[in-house]
Amino acid sequence: LQKRGSELLLDTASWIDSFFSDPRYTEEENKSWARLKLKFGYSRFYDFEFKPSVDLNINLPQLDNRVDIYITANDDSDFNTDSNPLPDTPGDGQNEDEQLTAGIRYLLAMGKSFNLTTHVGVSLGYVYAGVRYRHTHPFFSDEWEGRLTDRLRWYSDDGWDNRITYDIESHISERYFFRTSLNAILAERYD
């Protein structure tokens, strides 16, 4: 009974924690998962809004755990509190506000400090293909970590789009975590 109670408690904690997962990491996980988000918002321009969204990732273990199928519905980054605070930045185009997207992700290489994946997908109005590279390394000391992530995509409607992020992060204590990010967006549609 104690063992079953512990398993139930840990499974529940993992389930609740999955709602707060970071896309920096979930994009590299080779496991199946699903997430339903119910987003509520109020603005003086649009009044009250309700936007449910679905994220689904299906791992295909018969292919050496290297292939994932993903489906995203109504993932509106303008409605997300974690979105870019500067919405008019060039490169923050409509391709990030994907209403329905399905694709296949293939893991090319993975090591302790790097990850290389390629992906092909389709959404309403366009198709895309790209590659994503991530490299982590100590940042001046072992307590600090630097992470470079580069996602290069080609969209059938807007051409090339390269999003580069560099994160510096550290656990300051058991209770506090520090992260700062530098983002660069190079997009063909904005010269």
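**Reading the model**

Modeller: Start with confidence, since this is a predicted model. The protein has an average pLDDT of 79, and 76% of its residues score at least 70.

Colleague: In which elements is confidence lowest and highest?

Modeller: The lowest mean, 60, belongs to helix H2 (residues 23-26), while E6 has the highest, at 94. There is also a stretch, residues 77-96, where the pLDDT is below 50; beyond near neighbours in sequence, that stretch has 37 contacts in the model.

Colleague: Next, the overall layout. How many helices and strands does the protein have?

Modeller: Two helices and nine strands. Reading from the N terminus, the order is α-α-β-β-β-β-β-β-β-β-β.

Colleague: What can I say about contacts along the chain?

Modeller: Look at how far apart the partners are in sequence. Of the contacts in the protein with a separation of 6 or more, 39% are between residues 24 or more positions apart.

Colleague: And how do I read a pair of strands? Take E5 and E6: do they run parallel or antiparallel?

Modeller: Check the direction, then the bridges. Strand E5 (residues 114-123) and E6 run antiparallel and are joined by 10 bridges. As one example of facing residues, Leu116 stands opposite Tyr133 in E6.

Colleague: How many bridges join E6 to E7?

Modeller: There are 12, and these two strands are also antiparallel. Here Phe139 stands opposite Ser141 in E7. The hairpin of E6 and E7 has one residue between the strands.

Colleague: Which residue takes a positive phi in that hairpin?

Modeller: Phe140, with a phi near 70°. Note that Phe140 has this positive value although it is not a glycine. Its place is the loop between strand E6 (126-139) and strand E7 (141-155).

Colleague: Is the side of Phe140 to be called buried or exposed?

Modeller: Compare the relative accessible area with the cut-off: exposed means over 50%. Phe140 has 79%, so Phe140 counts as exposed.

Colleague: What share of the protein is buried?

Modeller: Of the 191 residues in the protein, 29% are buried. As for the surface, the protein exposes about 13000 Å², and carbon and sulfur atoms supply 60% of that area.

How values were computed:
Residues are numbered from 1 along each chain as its sequence is written. This is a predicted model: local features need pLDDT of at least 70, side-chain atom pairs count only at pLDDT 80 or more; totals for chains, interfaces and linings use all residues. Side-chain values use heavy atoms; hydrogens and water are left out. Helices (H or I, at least four residues) and strands (E, at least two) are DSSP runs, numbered from the N terminus. Buried means under 20% relative accessible area, exposed over 50%, partly exposed in between (1.4 Å probe, protein chains only). pLDDT is the predictor's confidence in each residue, from 0 to 100. Contact means heavy atoms within 4.5 Å. Two strands pair if DSSP finds at least two bridges between them. Accessible areas come from the Shrake-Rupley method with a 1.4 Å probe; for residues, only the protein chains shown count as cover.
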